[in-house]
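Welcome! Have a look at the sequence and the 3D picture below, and then we will walk through some strands and charged pairs together.

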Amino acid sequence: MAIIFDFERKVFRLDTPQSSYAMYISESGFLIHLYYGAKIPDTDLIYLAKRPNTVSFSALTADQKLTLDSALLEYPTNGISDMRSSALSIRGFSGNSATDIRYRSHRIYSGKPKIPGLPATYAENENDADTLEIVMYDELWDAEITLFYTAFNTLDAITRSVRVKNNGTKAFDIERVHSSAVDFYDDNFEMLHLEGRWGKERTPVKRRLMYGLQGIQSKRGSSSHNHNPFVALCRDGWTEESGEVYGFSLVYSGNFSAEVEVDSLNSTRVLMGINPTDFGWHLDAGESFCTPETVMVYSNEGLGKMSRTYHRLYRNNLCRGEWKTKKRPIIVNNWEATYFGFDDDKLVAIAKEASELGIEMLVMDDGWFGKRNTDNCSLGDWYVNQDKIRGGLKQLVDRVNALGIKFGIWFEPEMISPDSDLFREHPDWCLHVNGRECSIARSQYVLDMSRKDVRDNIFEQMSKILSNANIEYVKWDFNRNLTEVGSEQLPPERQKEVGHRYVLGVYELLERLVTEFPKLLLEGCSGGGGRFDPGMLYYSPQIWTSDDTDAIERLEIQNGTSIVYPPSTMSAHVSAIPNHQTGRNTSFKTRGDVAMAGAFGYELDLTKLSEEERELVRKQVRTYHEFYDTIQNGEYYRLINPTEDKSNPTCSAAWESVSGDKRDVIVTYVVMRTSVSISRYVRLRGLDPDLTYTNTESGESYSGALLMNAGINLSWNHKDGDSTVIHFKAL
Ligand code: GLA
């Protein structure tokens with residue numbers, strides 16, 4: 001059992017292979033945090049909790065035994081004597097928000113429970129994880145707060161979530177309820193997070209912790225392009241391969257906040273959960289509320305190992321269904337090939353080329369439904385535009401299938417165009433606040449997904465399309481933020497629930513889709529990677545990484561994405577040049593080598609390729625199959641970080657995939673901006689020092705020890721945008 005309770009000391013300790021996490025129950029029933037870090041054998045840890053008791057103005061608890069203000073608290077609450085940001089605030093029947101929770105009971109068991117209505121990591125077998133539930137209680141509000149902790153047995157991951165139940169007879173309001181809180185004794189950390197914008201998602205940024213509050217949030221209704229629901233605290237001196245790194249990743253696709261607070265005793269608090277801004281939840285007697293889950297990962301081998309732990313966990317214990325392990329098809333998507341200007345014959349022509357080149361699936365993107373020829377109409381009218389797809393969808397899909405090519409389709413299920421039959425029929429179905437104008441983005445409104453009737457309608461429309469023809473893939477898009485977040489169906493005291501109810505509604509619809517069509521491959525999308533988060537990965541094992549398909553820009557985007565998300569989840573396509581977003585020209589080879597780092601495909605008009613390019617596609621398809629297992633299921637190492645200038649004088653990027661048995665190694669090196677007389681050696685990682693690795697192209701052999709300690713020599717002159725792939729095999 002990875003979780004123990006020392007009865008005598010009242011200490012809980014959770015262990016993963018290389019980390020431990022501990023807390024204890026104080027005499028007066030407060031839950032005090034003790035330790036999170038490298039694995040320890042002890043439970044005699046209470047000495048760690050001794051904190052200055054004489055901090056001026058800090059109140060003592062009524063029994064005079066504890067100063068909450070300086071204590072490290074396991075799940076801090078609002079309005080009693082801890083003055084830092086709190087994880088929980090409940091406004092009770094008297095209208096006050098002072099919330100005081102004390103230990104009642106606990107339970108330790110094998111396995112991991114589900115969170116009702118929410119995506120979460122899971123344990124495939126009972127033995128893969130152990131769970132601790134601690135029940136805390138607020139006597140005045142009659143609120144039962146259950147803290148859930150699951151420790152994975154083979155990965156350094158601990159998950160957290162919280163359930164609030166109204167056990168009384170009077171309603172209360174949850175004002176904030178974070179999924180996790182961790183207090184550290186010190187502040188010797190940098191905070192790393194992933195910021196961005198449309199077309200430039202998930203750029204890692206780091207900053208030294210400072211006194212006071214720092215953090216990131218989304219108020220956009222989705223996790224957003226701008227901030228990913230992830231922060232890491234990296235202990236001073238950390239590198240990609242060394243030092244302590246603590247990751248906090250939220251399995252949620254809506255408004256989130258990660259608050260990091262350093263107090264005047266230099267301790268650090270990390271809160272992660274649903275953004276309290278614009279959030280509230282009214283709990284009537286007997287009702288419960290469950291938070292999404294935070295996944296905490298500890299690494300004592302730098303950021304790289306933290307990433308690899310997330311990769312394994314998200315690949316094996318978050319992604320689900322048929323396509324979790326099944327080989328993903330090579331896709332050609334017609335968006336950048338045709339935009340809205342296509343018809344059935346054009347798609348069949350692309351599919352014909354695809355079949356000759358070894359590409360396996362055609363995805364018909366936006367523009368096939370209603371009367372949609374530009375982006376200003378028809379969202380919500382999910383029936384085929386017979387002017388474009390003459391003879392109907394089934395006939396088109398059959399023609400494509402007859403060429404040996406699978407068929408996929410694009411939907412934007414959560415949206416409604418003012419110019420649509422659906423809107424004309426149901427003008428009240430979009431999110432709105434009565435009496436206020438609705439903001440408009442990309443000529444569209446957002447459907448009120450908190451409503452069951454709305455979801456039923458969209459599900460029926462989608463289901464009809466998907467049952468009518470052999471459609472094997474859906475790209476689920478989401479192309480604007482939420483504004484005027486109000487719902488007709490909820491009373492005033494529940495309007496603050498709409499943001500979260502929206503997300504629950506989306507999850508419910510996704511669940512229905514994957515249940516009804518279990519063989520469907522879902523690809524998430526939101527103007528590229530605006531909702532690239534663990535919540536969506538529970539339903540769609542791959543997500544369109546960015547609308548920026550420029551290979552050089554993608555180096556940074558994919559590098560940043562890899563900090564949390566495995567290669568198999570990052571959809572990446574070879575597109576045409578000059579690139580449609582940046583105007584940059586990059587060789588076909590480099591575009592292929594970069595896209596090969598993710599779920600591979602094409603995003604260009606195959607009918608316009610030169611003979612030379614067709615040959616390159618064939619070669620890339622062969623390489624994809626050869627490298628598939630190592631890239632998609634192996635371990636990923638960032639070798640040269642494209643965003644870091646000082647340590648990267650040649651302005652390049654390099655990464656490495658190593659197969660599970662360490663015998664197959666693929667290194668990709670791309671020069672972004674060249675310079676003269678380049679000296680560049682790159683040390684490989686994760687090899688077996690005792691094996692001999694042979695370069696499959698040159699035949700040269702080196703020991704794993706040499707490749708890891710001296711590295712490979714890349715000191716020759718490359719041109720801007722050149723890429724090199726080196727494949728080693730150990731016999
Ligand atoms: C979004 C997606 C694109 C494409 C368009 C279609 O921007 O990210 O890939 O599907 O929508 O409108």
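## A strand and its neighbours

Strand β9 (residues 157-166) is joined to β20 by 4 bridges, and the two run antiparallel. Strands count as paired if DSSP finds at least two bridges between them. Within this pairing, Ala 157 has Val 297 of β20 as its bridge partner. Strand β15 (residues 245-251) also runs antiparallel to β20, with 7 bridges joining them. The strands (E, at least two residues) and helices (H or I, at least four) are DSSP runs, numbered from the N terminus.

Before going further, please keep in mind that this is a predicted model: local features need pLDDT of at least 70 and side-chain atom pairs count only at pLDDT 80 or more, while totals for chains, interfaces and linings use all residues. Residues are numbered from 1 along each chain as its sequence is written, and side-chain values use heavy atoms, leaving out hydrogens and water.

## Is β20 buried or exposed?

Strand β20 (residues 293-299) has 7 of its 7 residues buried, so it is largely enclosed by the rest of the structure. Buried means under 20% relative accessible area, exposed means over 50%, and partly exposed is in between (1.4 Å probe, protein chains only). On one side you find Glu 293, Val 295, Val 297 and Ser 299, and on the other Thr 294, Met 296 and Tyr 298, so both faces are covered.

## Charged pairs in the helices

Side chains of opposite charge can pair when their charged atoms come close. A salt bridge here is a side-chain nitrogen of Lys or Arg within 4 Å of a carboxyl oxygen of Asp or Glu. The whole structure holds 64 salt bridges. One of them links Lys 352 to Glu 356, with the closest N and O atoms 3.4 Å apart. Both residues lie in helix α3 (residues 344-357), 4 residues apart, or about one turn of the helix. Lys 352 is partly exposed at 42%, and Glu 356 is partly exposed at 37%.

Glu 353 forms a salt bridge with Arg 614, at 2.1 Å between the closest N and O atoms. Glu 353 sits in helix α3 and Arg 614 in helix α11 (residues 611-633), so this pair ties together parts that are 261 residues apart in sequence. Glu 353 is buried at 15%, and Arg 614 is buried at 12%.

## A network to look for

Can you find the residues in the model? Asp 82, Arg 84, Asp 183, Asp 263 and Arg 269 are linked in a network of salt bridges.
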